[in-house]
Every structure is written in C-alpha cells, then in structure tokens.
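Dear colleague,

I am handing over the structure below, and my notes on what was found in it follow directly after. Please read them with the model open beside you.

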Amino acid sequence: MTESSALRRAPAWTQLQEHYEKIRGTHLRDLFAADPERGERLVAEGAGLYLDFSKNRITDETLMLLGGLAQQRGVFERREAMFAGEHINVSEDRAVLHVALRMPRERSLVVDGEDVVKQVHETLDRMAAFCERVRSGGWRGHTGKPIRAVVNIGIGGSDLGPVMAYEALKHYSQREIAFRFVSNVDGTDFAEKTRDLDPETTLFAISSKTFTTLETMTNARTAREWSLAGLGGDEDAVAKHFVAVSTNADEVSKFGIDTENMFGFWEWVGGRYSMDSAIGLSTMLAIGPARFAEMLAGFHAMDEHFRETPTAANLPLIMGLLSVWYADFFGAETQAVLPYDQYLHRFPAYLQQLTMESNGKHVMLDGAHVDYDTGQVYWGEPGTNGQHSFYQLIHQGTRLIPCDFIGFASSLNPLGNHHDILMSNVFAQGEALAFGKTPEQVREEGTAEAVVPHRVMEGNRPSNTILAERLTPATLGSLVALYEHSTFTQGAIWGIDSFDQWGVELGKVLAVAIIPELESEAEPELRHDSSTNALIRRYRSQRGA
C-alpha cells in the first residue's frame, strides 16, 4: 500500500467523506438552533489564548472523526518524534527542534550527543550581553558615538520573523533606537531604508546562516560600502558597525566582522521557524532580553499545551484538523487570517512563509506523488482595513474562505471608544459570515424586490475567533507557536515533509546562471527557452548593453 492510499483508505478518511456528504448542506443557522449552547461548548483555551471554533461547519461527529484521523495518521507519534529530536525532516536528514529554542534553562534535550538546550541558552546569554551594551549606549561606533539605528539585513525567515516581531512588539521597543529591515535585492529597499540614517550611529545585523545567501550578501556588501563611505574608508570601522547571525566564521571574518560578535544557530532550525533563535537578535535589541524571554515563555507554553492537551481541547490540533477538513473535503483553497490589532499588520505575511513553504508539497515522505490537496494559500490584512476591500468577496463571493479572527480584550493604546468599535467588528463579522441575511430579512427592511437578491448574504461561511487579554511578548509567542503546530498537524495528516523547501531553490539556481548573461559586455550565447532568451535580450537592449 502506498502512502497515498494509506491516507485515502484510512477508516476515518472514508468515514469523513461519507459524513461530509451528509452535512455539506447543513447551515450554521441550523447547527446553532439545534444546540443553543454550541457557542459556549465548542471552545478551547490554553497558553493565554481562547479559541471559539463554534462557527465552523462541523458537528460532534466531525470532531470525533477528525480526531480519529489524527490518531490513524500517526500525528501524535510524529509529534513526539519532533520533540525528541528525531530526524523527521527526511529529505535533509535533520531533526526539527524549534521547540528547543524556547525550552527553559533547567531542561535538557540531548540530540546527536549534544545537549541542545544548553547550547541554546549559551547563545541567548551572549545575545543578551550584546544587546544590553547596545541598548545602554555602552557599545560605541567607530567615531565613539552610541548606536541610534539598527538595520537587519536578511531574507525569508531571516527577515519575515524579525520584521513581524518588531512591528508586533513595537509598543515595548526602545524608541531611542530606530529599527529598519532590508530584504529585497532591489536596490530601492536599501536606499530607502538608509536614506535618513547616519553611518556613525548605525549598526547592521547581517542574518544569513551560510553567509552566502545571494540577496542578503548583495545587500550586506552595499551596506559595507555605505558605511565605509561615511566613516572615512577605515576598514577597522566594519567591526564596530556590523554583527553577524551566521554559522560561517570564515566568511564572517573575511567580511570584517569580529567573530566574537557572531551569533549562530543550528541545522535543526528551519528559517521559517527561527524568529526565536539568534535570528531574533534585532527583536531582542528592540525589546530587551527580559521581554524576549517573556516571548520565549509564550512559545514554550503553547508547545507544552500542544504536547500534553487532549485533542478535544488542543488549540493547534483543532485548527490544523479544521484546515484539513476545509481543504480536502470542501475544496477551500485559501485561508484568511484577520488580526484586529494594527501591531499585527505583518502577521499574515509572516504566516505565508510558515504555512505555504511548509506544506506546499506535491510528494509524500516516501517520494510518491500525492493524490489529494495539500497546503492552502494564507493571506490577510488587519481589521478594519480589510472590511473595506476583500470582505465583500468573503461574504458574497462564490468561493469558500475560512477565516481566523484575532482580537484582544485590551488595547495597548486606549483612545476613547476606539477599541470597543474595533472589537465590535470582530464579533459582528464572525456573526455575519456564519448567519448571513435571508431574503425574508432583506424584504422586512422594505427593500425593493429587484434589489433583494443583491442584498442577501448566504452565510454559512466558517470562522475561528482567537481572543487574548492583550498583545504582549508572551502572547505573540503563543500565537506564533499556535500556527506552527497547526501547520505541523496538517503536514502530518498529509504525510508530507513540512520542514524542507526545495521549491525555493530552483529559481535561485537559475538566477545565478542568468546574472553573468545580463552583465556580459559581449553578446552572451543563450541556451534558455525562447521566451527567456527573448526577455534577456530585450532587457540588455533597453539597458543599453
């Protein structure tokens, strides 16, 4: 039996297919009418987060069958294998241990003969000491001035996590220091991010595990030239204005960075799971070591919840199983994540890498091609902005788009009744999506008959609502870990490797081959397809090559 048929022939999968046919037409209005306490019953709580999943197109039988599917697909065994440091990233023969990044100091986890928790805290201690020097003004630039701007240069997981975390926790940041993030190899990104900065007071954190990533190192070299141009050209200045988050000491040293100011991480940390590793150096610089530790504690609280809580009350398991339910039975292709907090405006973009790079796979662990859908397109915007753009499609469009609403009981910036208005929209949107507006209700408002169809909302659009007391570093850690483990759950059900990303590599390899063809003074001999050849020639012609 192939891995593919193992999923499709799992008893719970077959039962879910039959169950789906029975309830696919059942409206949420009817489910709530039949169970008046549904909204109080279909909830779960853990690690500071409250999840209301009652507005999903499910019954108790659905939940039982989904739990059975998790059991039959070995989700719990795979979860334990991850926490134990087994090499569950099969295509790269690596452990997957982002959970070790936030384990308390007193814990121990020996993997391949090394206590990884001890290594993690040694790095955290070095980071904390460095950050305290910069934040206090003890670290001085080449001309003796304290640092007043930090620029993180990275891409992918070395950028999306730090950017999201900085924006999410800006309320707690040291405002005397400006924080910028450069990722795009487009020169405009670097130019605009540094336009108003002073080389004498700017510190660059170059985040690249190998210190060879094309985009990152292109921007790093530009940063080096920019700094030296403003610091009199003295090469010794580099060590005062650059630090590295990397494991390649030779390349770091060659660049001019003192390896004492190099902060490493490990092969078992995937880029999209690295924001709480040394990749979070800029986050720690912004909010300080104590707040960073609070964030790690939030991550760990959700890790423990995921590992120990029974399925029926396990937030990541519930959300992951619901995603499989909608993707594979209802054919939902996208998932909207809608944070009602402006500080989380980069959270959906962060989740795009976490979810789609993890589960955008077409083969299973054994290399066989899948014959079911994997991975959804994650997207979203903060409320209430999205309500005036894409919510129209969610309410009245022809596509089913499950939604996650994220809200907080208290605002970090209380202004009049702003927060009550904001949160009223969270509750109203979930209610409107679920229950809609019938033709009879529209007619009762005195609407002309010809207009009635245009104002009907079918409802029956599923959503989760996630609530927390307020957005703190700990809450952010819990929230990120929630989606990490939901993504893990989906990948385990589908039998795919959620921890490699070979699809990212092909375009990068081809780009490296094309660069010299674009830069060549002589007409290059092109051996691409006719489209690519023609585009290269047109680019060279318009550029004047």
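Asn-359 lies in helix 16, where helices (H or I, at least four residues) and strands (E, at least two) are DSSP runs, numbered from the N terminus. This is a predicted model, in which local features need pLDDT of at least 70 and side-chain atom pairs count only at pLDDT 80 or more, while totals for chains, interfaces and linings use all residues. Residues are numbered from 1 along each chain as its sequence is written, and side-chain values use heavy atoms, with hydrogens and water left out.

Asn-359 counts as buried because its relative accessibility is 2%, buried meaning under 20% relative accessible area, exposed over 50% and partly exposed in between (1.4 Å probe, protein chains only). Leaving aside residues up to four places away in sequence, Asn-359 touches Thr-374, Gly-375, Thr-487, Gln-490, Gly-491, Trp-494, Ile-496 and Ser-498, a contact being heavy atoms within 4.5 Å.

Six strands form an open sheet with mixed pairing, in the order 1-2-13-12-10-11; two strands pair if DSSP finds at least two bridges between them. Strand 1 (43–46) and strand 11 (377–379) stand at the edges with a single partner strand each, so one side of each has no neighbour in the sheet. From one strand to the next, the twist averages 15°.

Strand 2 (residues 49–52) and strand 13 (residues 463–468) run antiparallel and are joined by three bridges, and Leu-51 has Ile-466 as its bridge partner in strand 13. Helix 18 lies across strand 12 (403–408) and strand 13, running at about 155° to strand 12; here axes are lines fitted to C-alpha atoms, for helices over the stretch in contact, and angles run from 0 to 180 degrees between N-to-C directions.

**The largest pocket**

A pocket is an open set of points on a 1 Å grid over the protein atoms alone, where a 1.4 Å probe fits, with protein on both sides within 12 Å along at least five of seven lines, and lining residues have an atom within 4 Å of a point. The largest pocket is lined by 44 residues, of which Ile-155, Thr-213, Val-504, Glu-505 and Lys-508 lie nearest its centre. Helix 10 (214–230), helix 16 (347–359) and helix 22 (505–519) are the elements that give two or more residues to this lining, and helix 22 gives the most, with eight residues.

With kind regards
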